[in-house]
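Morning, everyone. I have one structure to walk you through today. Please bring it up on your screens.

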Amino acid sequence: MEDVNNAIVQNLDEEDESKAVMLFGRDIRKIPCFKHSMLFGIYSGLAAGLGTFMFTSRVKLSTNVALGSYMGVTVVYWFYCRYNYTMEKHEMQNLQNIIRQKSINAVKKDKETV
């Protein structure tokens with residue numbers, strides 16, 4: 001059973017590496033917040049462009065609105081998501097430090113009582 005699990009994990013790792021999407025030397029699938037910011041930007045651009053076209057029937061204006069909405073939402077959500085990601089990462093580091101100190105203090109107390 002252990003061999004089967006190892007084979008599955010190894011196969012997943014091989015598939016993961018074969019589908020790498022590189023941009024400026026980085027795999028964009030491993031960049032935090034990239035996928036969500038792009039998806040929100042694309043969907044908002046599509047919705048804004050279609051909405052503008054439905055109300056005005058002007059192709060150039062709706063294209064400009066769609067592109068502006070896509071760029072604006074992508075950038076704004078990117079910064080929002082990265083800020084939250086950084087804050088969570090910082091909080092996790094603080095929590096790890098607190099747990100590490102508590103475990104060190106517990107070991108010291110055990111040695112003192114013995």
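**Contacts and layout**

Let me start with contacts along the chain. Take the contacts between residues at least 6 apart in sequence: 60% of them join residues at least 24 apart. One caution before I go on: this is a predicted model.

Now the layout. The chain has three helices and two strands. Read from the N terminus, the order is α-β-β-α-α.

The accessible surface of the chain is about 9,700 Å². Carbon and sulfur atoms hold 64% of that. Of the 114 residues, 13% count as buried.

Next, helix α2. This helix covers residues 34-56. How far apart are its end C-alpha atoms? They are 32 Å apart. At 1.5 Å a residue, its 23 residues should span 33 Å, so the two values agree.

Which residues of α2 are buried? They are Ser-37, Gly-41, Ser-44, Gly-45, Gly-49 and Thr-52. The buried residues of α2 pack against α3, residues 59-113. Look just after α2 as well. There, Ser-57 takes a positive phi of about 60°.

Now the disulfide. A disulfide is a covalent bond between the sulfur atoms of two cysteines. The count here is one. The partners are Cys-33 and Cys-81, with 2.1 Å from S to S. Where do they sit in the chain? Cys-33 is in the loop between β2, residues 26-27, and α2. Cys-81 is in helix α3. They are 48 residues apart, and the pair links distant parts of the chain.

What about the handedness of this disulfide? The torsion about the S-S bond of Cys-33 and Cys-81 is about -75°, so the disulfide is left-handed.

Are these cysteines buried or exposed? The cut-off for buried is under 20% relative accessible area. Cys-33 has 11% relative accessibility, so Cys-33 counts as buried. Cys-81 has 15%, so Cys-81 counts as buried too.

Last item: charges. Side chains of opposite charge can pair when their charged atoms come close. The structure holds one salt bridge. Which side chains meet in it? Those of Arg-29 and Asp-27, at 3.3 Å from N to O.

Asp-27 has a relative accessible area of 12%, so Asp-27 is buried. Arg-29 is at 40% relative accessibility, and therefore counts as partly exposed.

That is my tour. Over to you for questions.

Definitions and conventions: Residues are numbered from 1 along each chain as its sequence is written. This is a predicted model: local features need pLDDT of at least 70, side-chain atom pairs count only at pLDDT 80 or more; totals for chains, interfaces and linings use all residues. Side-chain values use heavy atoms; hydrogens and water are left out. Helices (H or I, at least four residues) and strands (E, at least two) are DSSP runs, numbered from the N terminus. The expected span of a helix is 1.5 Å times one less than its number of residues. Buried means under 20% relative accessible area, exposed over 50%, partly exposed in between (1.4 Å probe, protein chains only). Contact means heavy atoms within 4.5 Å. A disulfide is a pair of cysteine sulfur atoms within 2.5 Å. A salt bridge is a side-chain nitrogen of Lys or Arg within 4 Å of a carboxyl oxygen of Asp or Glu. Accessible areas come from the Shrake-Rupley method with a 1.4 Å probe; for residues, only the protein chains shown count as cover.
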